[in-house]
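This briefing covers the aromatic ring pairs of one model.

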Amino acid sequence: MGACSSGSKCVILAINLLFWAAAGVLMFAAVLVLTQFSDTACGVGRWYVLLPVIAMLLVGALLFLNSFLGCCGAVRESKKCLSTFMLVTLLVLLLEVSAATLAVAFRSTVTAHVKNDWLATIQDYSSGRCDPLVDLLQNRLQCCGCANATDWEGSVWAAEHPGTVPASCCPTLTTSSCSDTQQMWSDGAVGCCSKLESLASTNLLYFAISGVTLAALQTLVMLTSCVLMRRRREHSYIHLDADLTHSTQPSPSHL
């Protein structure tokens, strides 16, 4: 029974250390994204950017605090701590399943919003509000426009710089604009919306793998906590039976 208890404690402690690391990564990534988008006034207000990032931050904070509670409960073999730890872990697991379901259900809606917002941002380019975000994405993703470089036609930029696109569409130029399609990323034929959709699909796969792994670890740690609490309860019964046996034995003076 002692070996079982030690093994359960080790498993709970080891998994909670992994949860601590995962919580730290989630909170760091969330703060990093919020910091980057806060630099551009147009990015921080998007609900499809804010909701996942805030969810990551909350889940990370909850995992961090809950892991501390799980470690304390395992070391002290406290039934109250372990019970609370299991309930919070189950709550986090249900939130993860709900978030995954919503992500799949609203994927097409989010994709449509991204395309519409990107086209609107291109049309308003040159006002200075969203220019850094557009240039950043076009440089990083090596693309131009939403579907292709022709999306810049009819924009504020096109009115001020006829026949050209911003320099972020052209990797080899240091000027503020370019007009030759051969100088553009993929000759101006590849837009950013398809790149963003492909990037979202890849990240969704990574998140799915991470979510399944995390769910498996959470299930394991809940089962291990049950084993430890059961061992604690049986240990209490043993002490109670021993005390009763000792109290019912006749003393030497009565023999």
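**Aromatic pairs**

Phenylalanine 64 has a relative accessibility of 39%, so this residue counts as partly exposed. The model is a predicted one. Three aromatic pairs are found in the structure.

**Tryptophan 20 and phenylalanine 64**

- The ring centres of tryptophan 20 and phenylalanine 64 are 6.0 Å apart and the planes stand at 50°, so this pair is tilted. The angle falls in the tilted class because planes under 30 degrees apart count as stacked and those over 60 as edge-to-face.
- Helix α1 (residues 2-38) carries tryptophan 20, and helix α2 (residues 47-76) carries phenylalanine 64, so the pair ties together parts 44 residues apart in sequence.
- Tryptophan 20 is partly exposed, at 25% relative accessibility.

**Tyrosine 125 and tryptophan 152**

- For tyrosine 125 and tryptophan 152, a plane angle of 85° makes the pair edge-to-face, with the ring centres 5.0 Å apart.
- Tyrosine 125 sits in the loop between α4 (107-123) and α5 (131-141), while tryptophan 152 sits in the loop between α5 and α6 (156-160). The pair therefore ties together parts that are 27 residues apart in sequence.
- Tyrosine 125 has a relative accessible area of 6% and is buried; tryptophan 152, at 1%, is buried too. Both assignments follow because buried means under 20% relative accessible area.

**Cluster**

- One aromatic cluster is formed by Tyr125, Trp152 and Trp157.

Notes
Residues numbered from 1 in each chain as written. Predicted model: local features only at pLDDT ≥ 70, side-chain atom pairs only at ≥ 80, totals over all residues. Heavy atoms only, no water. Phe/Tyr/Trp six-rings, centres within 6.5 Å; stacked < 30°, edge-to-face > 60°. Helix = DSSP H or I, 4+ residues; strand = E, 2+ residues; numbered from the N terminus. Buried < 20%, exposed > 50% of the residue type's maximum accessible area, 1.4 Å probe, protein only.
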